[in-house]
Amino acid sequence: MEGRRVIGWAARDASGYLSPYSFTLRKTGPEDVVLKVLYCGVDHTDLHQMRGEIMPINYPLVPGHEVVGEVVEVGSEVNKFKLGDKVGVGCIISSCGKCLSCNSKNEQYCNQRVFTYGAVNKDGTPTHGGFSSAMVVHQNGCRFVVKIPEKLAPEQAAPLLCAGVTAYSPLKQFNNSDKAIKAGILGLGGVGHLAVLIAKAMGHHVTVISSSEKKKVEALEHLHADAFLVSSNAAEMEGAAASLDYILDTVPAFHSLEPYISLLKAGGKLIFVGVSTKPLHFNNDDLILGKKSLTGSFIGSMEETQEILDFWAEKGLSTMIEVVKMDYINKAFERLERNDVRYRFVLDVAGSNLE
């Protein structure tokens, strides 16, 4: 079937400024699913991508990889979804399906993964994200489409499709531990606030680590963290030395690592999920003497994406979001860059009259 004409908001150059953009979805076939986009989360990574700070970009670029939609069309060979289903699409829409990563349900590490936007479909057409009125996903990519639980509001689900699973995937290894886990969450933004909620729901003792006391009340009284540590306070940092089993580093900017490595117990892990646009530096003596490790984690598998949605609904958790219309998006990015959001913008795409 001929591709349908849709409206999105696109960046035309590295300024990252977004404006309305009309484009045609690729042709749909018997194994395709078409989604009407309802909501889409706004991620700090979108800002880096729009500016070409992570990889070369072919403009126009329609961002958005925390997409919640309603199935409005299914091909004749699609059997996983039906019309009216509420579904989610995250950072990736396809992979090779054959490599070790794919076969071990770690599709996000496939070397042939296709990103939701800023990449190229197998038919040569560009991929466009959820800052648009509709999307099309191939049946092979239906492993990259997840079901939104009935008990979970669609706008609440959107941030879980990237930020949520980004926190959940590395923390999952500490779930159901036979010992008390002392966790550190570095950075209290979009990913960080979800990480606090997830770690607390897993039963961990959670310390939020921040550069100032600005978010102390928020962390302790609203997110119910157990402790708050100011990294610029030398006495506090010294008092917390060798106290944490892991630190989830969510900071998407350059920062020193050595102060945080010192907080880890012997055998502790510093886990990176925030992308710095500049190299990070550290001395390795504390790693060697404490058998500590630095590791990274990239989003999560599709299985884990479904797990975090189900976990969120089961635990009755709530994302802390600000819902805005599409014409507010440039202002939203300005505020996001100033950390002036509590804690995630979600675009009401369906309510923005894009069609």
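Me: In which sense do strand β3 and strand β4 pair, and over how many bridges?

Reply: Strand pairing is read from the bridges and from the relative direction of the two strands. In this predicted model, β3 (residues 32-41) and β4 (residues 67-74) are antiparallel partners, joined over 7 bridges. Within that pairing, Val-33 has Val-74 of β4 as its bridge partner.

Me: Which strand do 4 bridges join to β4?

Reply: That strand is β5 (residues 86-89), and β4 and β5 run antiparallel. Here Glu-70 stands opposite Lys-86 in β5.

Me: What is the strand order in the open sheet of 6 strands?

Reply: The order is β12-β11-β10-β13-β14-β15, and the pairing is parallel. At the edges lie β12 (227-230) and β15 (293-296), each of which pairs on one side only. From one strand to the next, the twist averages 20 degrees.

Me: Over how many bridges do β13 and β14 pair?

Reply: Strand β13 (residues 244-249) and strand β14 (residues 264-272) pair over 5 bridges, in the parallel sense. Leu-244, for instance, has Leu-264 in β14 as its bridge partner.

Me: Which helix packs on the sheet, and what angle does its direction make with that of β11?

Reply: Packing of a helix on a sheet is described by the strands touched and by an angle between directions. The helix is α5, which touches β10 (182-186), β11 (205-210) and β13. The direction of α5 makes about 165 degrees with that of β11.

Me: Which elements do the buried residues of α10 pack against?

Reply: Burial is judged here by a relative accessible area under 20%. The buried residues of α10 include Met-302, Ile-308, Leu-309, Phe-311 and Trp-312. The buried residues of this helix pack against β9 (145-147), α3 (154-157), α4 (163-171) and α5 (190-201).

Me: Which residues are the closest to the centre of the largest pocket?

Reply: The largest pocket holds about 1,200 Å³ of space. Of its 49 lining residues, His-44, Thr-250, Val-251, Pro-252 and Gly-274 are the closest to the centre. The elements giving two or more residues to the lining are α1 (44-50), α5, β11 and α11 (329-337). The largest share, 4 residues, comes from α1.

Notes:
Residues numbered from 1 in each chain as written. Predicted model: local features only at pLDDT ≥ 70, side-chain atom pairs only at ≥ 80, totals over all residues. Heavy atoms only, no water. Buried < 20%, exposed > 50% of the residue type's maximum accessible area, 1.4 Å probe, protein only. Contact = heavy atoms within 4.5 Å. Axes fitted to C-alpha atoms, helices over the stretch in contact; angles between N-to-C directions. 1 Å grid on protein atoms, 1.4 Å probe; cavity = no way out; pocket = protein on both sides within 12 Å on 5 of 7 lines; lining within 4 Å. Points joined across faces, edges and corners; volume = space filled by probe spheres on them.
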